[in-house]
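The following note comments on a predicted model. Please read the points below alongside the sequence and coordinates.

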Amino acid sequence: MTVVPIRLFGDPVLRTAAEVVVDFDKQLRTLVANLEETMLAAPGAGLAAPQIGVGLRVFTYHVDDEQSGHLINPVLHFPDEELQEGDEGCLSIPGLLFDCTRRANVVAHGQNMYGDPITVEGTARLARCIQHETDHLDGVLFVDRLDAETRKAAMKAIRDAPWAAEANPTLKLNAHG
C-alpha cells in the first residue's frame, strides 16, 4: 500500500470518463489498497481512481467506521426523489467547500475487488459520497452540479487557490500502465 499524489482541478484525467474494470487481478487489489491508504491519509470521505491518475471505474469510501469500503463499476439507482442540501468538498479541489444539492438516498450496484457483485445502500453523507465518487468516474466534478451563482463563486475561489497553478502528471489509462 502506498499513499500516492492526488490530481488537482485542471488535470485532464479528472474530466475523462473512466473505463470499466474487466481484470479483477492483483494489480486491481493494489489499486484499491492505494486508494484507501491515500484517502485515509488525506483525509477524505472518498477517493476515485481518476483522482490518482488511473482511468478505471473504482472508488473507495470511508464515511465512518461502519460505512467504508470500495466499489468497482458502480451503477446508481435512486429509490425516491428526495434531495439533500449540504456542504461538499473534494480532495482534487482542496480546502474549498460549497453547498451542493444531491439525492438523499442511493442504491449502488457494482463489484468488489474480486469481481463479486455487491450492493451499497446509502443515505445522507454516504449517499452524497457515492454520488460524488461516481461522478468522478464519469469525468464530472461537484462544481459542475452547483447552481450558477455558487459555481461562479467556486470557480473564482479555485482560480485564487494557492495550488491552482500546480502542474499535474499525465493520465494513466489503467493500473498496469
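**Aromatic pairing and nonpolar cores**

1. The count of aromatic pairs in this predicted model comes to 1. The partners are Phe59 and Tyr61, whose rings lie 6.3 Å apart, centre to centre, with 55 degrees between the planes, a tilted arrangement.

2. Are the two partners buried or exposed? Phe59 is buried, because its relative accessible area is 0% and the cut-off is under 20%. Tyr61, at 8% relative accessibility, also counts as buried.

3. The largest nonpolar core has 18 residues. Those touching the most other members are Phe9, Ile93, Phe142, Val143, Leu146, Ile158 and Trp163. At least two residues of this core come from each of strand E5 (93–103) and helix H3 (148–160). E5 provides the largest share, 4 residues.

4. Beyond its neighbours within four places in sequence, Trp163 is in contact with Leu8, Phe9, Ser92, Ile93, Pro94, Leu96 and Ile158.

5. Cys90 belongs to strand E4 (residues 83–90). With 9% relative accessibility, Cys90 is classed as buried, because the cut-off is under 20%. Neighbours within four places in sequence aside, Cys90 is in contact with Gln51, Leu96, His132, His136 and Phe142.

6. How far apart in space are Cys90 and Arg102? Their C-alpha atoms are 15 Å apart, with a separation of 12 residues in sequence.

Terms used: Residues are numbered from 1 along each chain as its sequence is written. This is a predicted model: local features need pLDDT of at least 70, side-chain atom pairs count only at pLDDT 80 or more; totals for chains, interfaces and linings use all residues. Side-chain values use heavy atoms; hydrogens and water are left out. A nonpolar core is a set of buried Ala, Val, Leu, Ile, Met, Phe, Trp, Tyr and Cys residues joined through side-chain atoms within 4.5 Å. Buried means under 20% relative accessible area, exposed over 50%, partly exposed in between (1.4 Å probe, protein chains only). Contact means heavy atoms within 4.5 Å. Rings of Phe, Tyr and Trp (its six-membered ring) pair if their centres lie within 6.5 Å; planes under 30 degrees apart count as stacked, over 60 as edge-to-face and the rest as tilted.
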